[in-house]
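Biologist: I would like to learn how to read a protein structure, one feature after another. Where do we start?

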Amino acid sequence: QNNLHELWALLNFLLPDIFDNAEQFDEWFSLTGNRGQENVIRKLHTVLRPFMIRRVKKDVAISLPSKKETKLYVGLTSMQQEWYKRILRKDAHTLNSLGGPDRVRLLN
C-alpha cells in the first residue's frame, strides 16, 4: 500500500526506540504549508538515507564476467503474418468469429 503508516511500522520494527509513536511520526511528515509535499519528501529522504543500499552487481561480484546480450530476430510464420495483416486491416469480422461469446470482441 506504500503509505506513511506502513513506513512507520517498518521503521518501528527496525528502530523501536526512535520510532515509537505513530501519531508523532504523522506530525513530523504532515502535508501542511505551501510546499508541504516537497518538504515531506525531503524529510523522508533524510530519514531513509541510512537504510538505502544501492549496489551494482559488477561492484559486488567482481569475479562475474560482464553481461553479454544477444538479440535474435526471427521472422513471422505464414499464419502469424496472415493474422498480423488482418489486425492491421482491422478485419474485425474475421477476428471476432474466432471466439465465442466468452471472448473479448474487437470494437474498433
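Modeller: We start with contacts, meaning heavy atoms within 4.5 Å. In this protein, residues 24 or more positions apart account for 20% of the contacts with a separation of 6 or more. This is a predicted model, in which local features need pLDDT of at least 70 and side-chain atom pairs count only at pLDDT 80 or more, while totals for chains, interfaces and linings use all residues. Residues are numbered from 1 along each chain as its sequence is written, and side-chain values use heavy atoms, with hydrogens and water left out.

Biologist: How many helices and strands does the secondary structure of the protein come to?

Modeller: Helices (H or I, at least four residues) and strands (E, at least two) are DSSP runs, numbered from the N terminus. The protein has six helices and zero strands, so the order from the N terminus is α-α-α-α-α-α.

Biologist: What percentage of the residues count as buried?

Modeller: Buried means under 20% relative accessible area, exposed over 50%, and partly exposed in between (1.4 Å probe, protein chains only). Of the 108 residues here, 13% count as buried.

Biologist: Which residues make up the largest nonpolar core?

Modeller: In soluble globular proteins, nonpolar side chains tend to be buried together. A nonpolar core is a set of buried Ala, Val, Leu, Ile, Met, Phe, Trp, Tyr and Cys residues joined through side-chain atoms within 4.5 Å. The largest one here has nine residues: Leu-7, Trp-8, Leu-11, Phe-19, Ala-22, Phe-25, Phe-29, Val-40 and Leu-44. Two or more residues come from each of α1 (4-14), α2 (22-28) and α3 (36-48). The most come from α1, which gives three.

Biologist: What does Phe-29 contact, leaving aside its neighbours within four places in sequence?

Modeller: Phe-29 is in contact with Leu-4, Val-40, Lys-43, Leu-44 and Val-47.

Biologist: And Ala-22, is that residue buried or exposed?

Modeller: Ala-22, found in helix α2, is buried at 12% relative accessibility. Not counting residues up to four places away in sequence, Ala-22 touches His-5 and Trp-8. Ala-22 and Glu-6 are 16 residues apart in sequence, and their C-alpha atoms are 9.9 Å apart in space.

Biologist: How many aromatic pairs does a search of the whole structure find?

Modeller: Rings of Phe, Tyr and Trp (its six-membered ring) pair if their centres lie within 6.5 Å; planes under 30 degrees apart count as stacked, over 60 as edge-to-face and the rest as tilted. The search finds three pairs. The rings of Phe-19 and Phe-25 are edge-to-face, because their planes are at 75°, with centres 6.0 Å apart. Phe-19 is buried at 7% relative accessible area, and Phe-25 is buried at 1%. Together with Trp-28, Phe-19 and Phe-25 form one aromatic cluster.

Biologist: Which residues form a salt bridge?

Modeller: A salt bridge is a side-chain nitrogen of Lys or Arg within 4 Å of a carboxyl oxygen of Asp or Glu. The structure holds one. Arg-86 forms a salt bridge with Glu-82, and the closest N and O atoms are 3.1 Å apart. Arg-86 and Glu-82 are four residues apart in helix α5 (residues 78-89), so about one helical turn separates them. Glu-82 is partly exposed, at 33% relative accessibility.

Biologist: Last, is Phe-13 buried or exposed?

Modeller: Phe-13, in helix α1, is exposed, with a relative accessible area of 68%.
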